[in-house]
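Subject: The two-chain model, handed over

Hi there,

Here is the structure I promised to pass on. Have a look at it first, and then read on for what turned up.

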Amino acid sequence: MAPIVDGLARQYQGKVSVKNVNADTDPAAEKLGVKVVPTYIFLDSTGEVIERQDGGNPQALQQGFEKAAGR
Amino acid sequence: MQCPNCNAETSEMLTSCEWCGAPLVSVASSPGDAFTAPPPAGSMPPPSDASYPAHGAPVSQWPPPSAGDRPAPKPKKAWYLTPWPYAAALVIAVAVVGFLFMSGGAKGYPELVVGNQPTLLNVYTDT
C-alpha cells in the first residue's frame with residue numbers, strides 16, 4: 001500500500017497532506033485508538049475526523065482523498 | 001328519660017319526644033322550675049319541629065343527606081392528560097442530545113493536522 005499512498009499524496013499535493021504515524025513508537029497511534037494496521041484516518045483542517053479506514057483498500061483510499069480534498 | 005308514648009329514650013330537657021313528638025311530662029317542666037335554655041344559634045331544628053321531614057320518626061328512619069348537602073368530588077385527571085410528564089421527557093431528551101453533541105465534538109485531533117489543510121494519517125507498523 002505504501003506506493004499507492006505515495007502516488008495519491010503526490011496527486012493531491014497542496015490539497016491533502018500526509019502524516020505517517022508509526023503504531024509501535026508514536027503515542028498518537030494509541031490516542032487514535034488504532035487496533036489494525038494499516039489504518040488510514042482522514043482529518044479536515046480543524047482536526048475533525050472525516051473518514052477512517054481499517055486495512056488497505058486502494059479504491060476506498062482514493063475516495064477518501066477525494067472526499068478530504070473537497071473539504 | 002323514657003317517652004310514655006313510644007318508650008324511646010329522649011332528652012328530659014325537651015317538652016315533647018324527639019322521636020314521636022308526644023308531649024313529655026318531666027319534673028323540670030313544672031311551674032316554678034328552672035328555665036329551659038333555648039338551643040344554640042345556628043343549630044339544626046330538633047325532630048319535634050313539624051317542618052322537619054323526619055318529624056316523629058326514629059333515627060333509623062331519617063332520610064339520608066341529599067346530594068346538595070355535600071360538594072361533588074372533583075374527578076381526578078389522568079396523568080397523560082397533564083403536561084408535566086411531557087415537559088419532563090422533553091427536558092431529558094434535550095439533555096441527552098446536548099451531551100451526545102458535546103461529547104461528539106470533542107473527538108478532534110487538531111494537533112495532528114499538517115499544513116492547516118486536510119490530512120491523511122497513515123498509521124503503519126515496521127513489523
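Contact here means heavy atoms within 4.5 Å. Please keep in mind that this is a predicted model.

**How the chains meet**

On that cut-off, chain A brings 33 residues to the contact and chain B brings 21 residues. The size of an interface is often given as the accessible area lost when the parts come together. Between chain A and chain B the buried area is about 2500 Å², and carbon and sulfur atoms give 57% of that. On the chain A side, the residues that lose the most area to chain B are Ser17(A), Lys19(A) and Leu43(A), which together make up 23% of what that side buries.

There are 17 residue pairs in polar contact between chain A and chain B, counting pairs with both residues at pLDDT 80 or more. Four elements of chain A give two or more residues to the side that touches chain B: β1 (17–22), α2 (27–31), β2 (39–43) and α3 (58–69). Of these, β1(A) gives the most, with six residues. Sorted by class, this side of chain A has 18 nonpolar, eight polar and seven charged residues.

An open sheet of four strands runs in the order β1(A)-β1(B)-β2(A)-β3(A), and its pairing is mixed. Its edge strands are β1 and β3 (49–54) of chain A, each of which pairs on one side only. From one strand to the next, the twist averages 15 degrees.

In which sense do β1(A) and strand β1 of chain B pair? They pair in the parallel sense, over six bridges, with the chain B strand covering residues 119–124. Along this pairing, Lys19(A) stands opposite Leu121(B), and Val21(A) stands opposite Val123(B).

**The salt bridges**

Over all chains, the count comes to three salt bridges. How many of them are between chain A and chain B? The count there is one salt bridge. Its partners are Lys31(A) and Glu111(B), with the closest N and O atoms 2.1 Å apart. Lys31(A) sits in helix α2 of chain A and Glu111(B) in the loop between α1 and β1 of chain B, so the pair joins two chains.

**Two backbone details**

Most residues other than glycine have a negative phi, and most peptide bonds are trans. Two places in the model depart from this. The peptide bond that joins Val37(A) and Pro38(A) is cis, with omega about 0 degrees. Pro38(A) is found in the loop between α2 and β2 of chain A. In chain B, Asn7(B) has a positive phi, near 60 degrees, although this residue is not glycine. Asn7(B) belongs to the segment before α1 (84–105) of chain B.

Enjoy exploring the model, and write back whenever you like.

Best wishes

Notes. Residues numbered from 1 in each chain as written. Chains lettered and ligands numbered in written order. Predicted model: local features only at pLDDT ≥ 70, side-chain atom pairs only at ≥ 80, totals over all residues. Heavy atoms only, no water. Buried area = accessible area lost by both parts, 1.4 Å probe. Salt bridge = Lys/Arg side-chain N within 4 Å of Asp/Glu carboxyl O. Polar contact = N/O pair within 3.5 Å; in protein donor to acceptor, adjacent residues only side chain to side chain. Nonpolar A, V, L, I, M, F, W, Y, C, P; charged D, E, K, R; others polar. Pairing = 2+ DSSP bridges. Axes fitted to C-alpha atoms, helices over the stretch in contact; angles between N-to-C directions.
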